[in-house]
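Hi everyone, thanks for making time. Let me put the structure up, and then we can walk through it together.

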Amino acid sequence: MNASAKNLAALLPPSFTLGVATSAFQIEGALDEDGRGPSGWDVFAAKPGSIVEDQSPAVSCDHYHRMPQDVALMKELGIDSYRFSLSWSRIQPGGSGPVNPAGLDFYDRLIDLLLANGISPMATLYHWDTPLPLDEAGGWMNRDTAYRLGEFAAIAAAAYGDRVARWVTVNEPATVTTNGYALGIHAPGEALMLKALPSVHHQLLGHGLSLQALRAAKVAGEVGITNVYSPMVPASSNPLDKVSAGLMDTAQNRLYADPVLVGKYPDMIRAATLFSSAFSPSSEDMELISQPLDFYGLNYYMPTRVGSGPGDGTVPEGMAEAMGDDLSGTPGAPFHIATFPDTETTAYGWPIKPEYMSVALAEMAERYPDLPPVYITEGGASFEDVLVRDDASNSTIIPDERRLRFLADHIGTAVQSTSPGGAAESIDLRGYYVWSLMDNFEWSGGYNQQFGLVHVDFDTQVRTPKASFYWLQELLAARHQGAGPGGHSAAGAGAPAPGSDAERPHPVG
Ligand code: BGC
C-alpha cells in the first residue's frame, strides 16, 4: 500500500466524494456526427494560430465512440462520482429550437452506465462550447443567450432530472469572459478588454435561469455553479502591488462569487461602470442570480502573484498560453502577473502551491459566511509524461509522481483546512474532483498539456493508466476498506452517510 494513499485515506471524512472531471468538447470528438450542430469552439479552433500547433479537436479522445470503455476505466479506478458536461450543440444543435434525439440518447446511455457501475453523475450544463448560432448572434455579449441556456436546462432536466445527482449550471464564467471576450485567446475570440463586462452578467443570469428551470422541473439532484478561485498575492509589500492584487481579486474572484453568494456586484465594479448603460443589472436579475444553492463548486489550480505596472515584459514560462500575453509587458498595463520565487511549476508554468488551497478556502469562508456545502469541482496539473517500457511485466509504465504528489497535497490540504481547527473549518467540504480522467484537448493548449490520470495516445486511442491513477485507486480502496476516520466499523462514525456517494459499492484493489 502506497503510504501517501493510506495516510490520506485516514484523513478523509467517510462521506467525502472523490471523483474525476471532464468536459464534452475536450473529450468527445465526433463533432459532425449524429446531428450535432457546430459550436463556437469548432470555428475558433479551426482558425490558424488559435490552438498550439493548430491541433484539431475533431477526434480528441474519441469518447463519443468509446464511452463504455471510459466508464469501465472509471469503474476500475473506483471513483464515487463523475463530473462531465453536456454538449449543448449535440442535444440542441441550433442553441434554440428542436432537440436532437441522438444527442439526448448519448448522455442517457452515459448516465445509465454510470449508475449501473455505482458512479454518481454530476452534469455540467455549460462548459464553454456555445452553439455556433448563439455565438454568431453575439454569444454571451447578448442577453438572449442567458434565456437560451435556461431553456436548455429545462430540456436537460426533463431528460435526466431523475438520475443526475448534482448539476453544475455554468463552469468558470471568469475564464469565458477573460479568455473568450476580454483577451480573445478562447472562443469566440473577442478582445474587448473591459468592454467584455456584459458577458459576466449574462453568464450569471444564464446560471440563475438554469437554476430556476432545474428547480421548476423538480430535479432529484442538487444544484450549484462552479467558479474558479485563485488567491491574489501582492508581489511585494509595496502598496501599489497590494492595490493591483486587490484589483485582480475583484476582477477574477469577487466579480463572479459576490453576485451569486451575496446578490450584488463588488462596489469597485459598480463604481467603475456607473456611467455605462451596457451594464446596469436590475434587482430582478440579481435575485435570479443569487437564488440559494445546494452546493458551491470551486475550481482551485493555483494562486496568482500580482505586481503593479506593466512588469518587465517577461511572461512567466508557459503562462502566455493560459493567461494571455496581454497581461504582462504591455506598455501602460496597470498590473502584471509575476512568478513566485523558488517555486516548482507545472508544464503550463502554473505555480504549484498546495498551501494556497487553504488560503482560497479560508478567504471564501471569511467572505461568505452563508456559503453552502462546497465541492472542489476541479483540481489537477499538466506535466510532460514519460512512457517507460517495463519488460518484466510486458507493459508500459507512466511514472507521473509529480501529479500524484500534487493531488495528494491538494486533497490533503483541502480536507485538513476544513476540519476542526483548520483555517477554513466553517466550510462543509463534500468532495474533490480530479481534473482530469484522461489527457484531452486542453483548449488553446491543445494536446500538449496533459492533465490526465490516464494517458491517451491520440494516434491509436490507446488508454494507459498512469501511476497517479493507481495511487487514486489505492486511496479509494483504502477508504472503503475502513482506513477512514472511525476505522473498520461498518456502522457508526466510520460509515458513510446514507445516500452519500461513498456509500455506494466499490471495486477493491
Ligand atoms: C477548465 C478545464 C480546463 C482546466 C485546465 C479549468 O479552467 O474548467 O476545462 O481544462 O481548467 O486548464
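When I say contact, I mean heavy atoms within 4.5 Å. With that in mind, residues 24 or more positions apart account for 77% of the contacts in this protein with a separation of 6 or more. A word on the source: this is a predicted model, where local features need pLDDT of at least 70, side-chain atom pairs count only at pLDDT 80 or more, and totals for chains, interfaces and linings use all residues. Residues are numbered from 1 along each chain as its sequence is written, and side-chain values use heavy atoms, with hydrogens and water left out.

Of the 509 residues, 60% count as buried, meaning under 20% relative accessible area with a 1.4 Å probe, protein chains only.

Now the ligand. Which residues are around it? They are Q26, H127, W128, N171, E172, Y301, W350, E378, W435, E442, W443 and F451, where near means a heavy atom within 4 Å. For polar contacts, think pairs of N or O atoms within 3.5 Å. Polar side-chain atoms of H127 and N171 each lie 2.9 Å from a ligand oxygen, and for W435 the distance to a ligand oxygen is 3.2 Å. The protein covers 94% of the 310 Å² of accessible area that the ligand has on its own, by the Shrake-Rupley method with a 1.4 Å probe.

Last, helix α8, residues 144-160; helices here are DSSP runs of H or I, at least four residues. Its buried residues include L149, F152 and I155, and their cover includes α6 (101-116) and β4 (166-171).

Conventions
A polar contact is a pair of N or O atoms within 3.5 Å; within protein, one must be able to donate a hydrogen and the other to accept it, and residues adjacent in sequence count only if both atoms are side-chain atoms. Helices (H or I, at least four residues) and strands (E, at least two) are DSSP runs, numbered from the N terminus. The expected span of a helix is 1.5 Å times one less than its number of residues. Buried means under 20% relative accessible area, exposed over 50%, partly exposed in between (1.4 Å probe, protein chains only).
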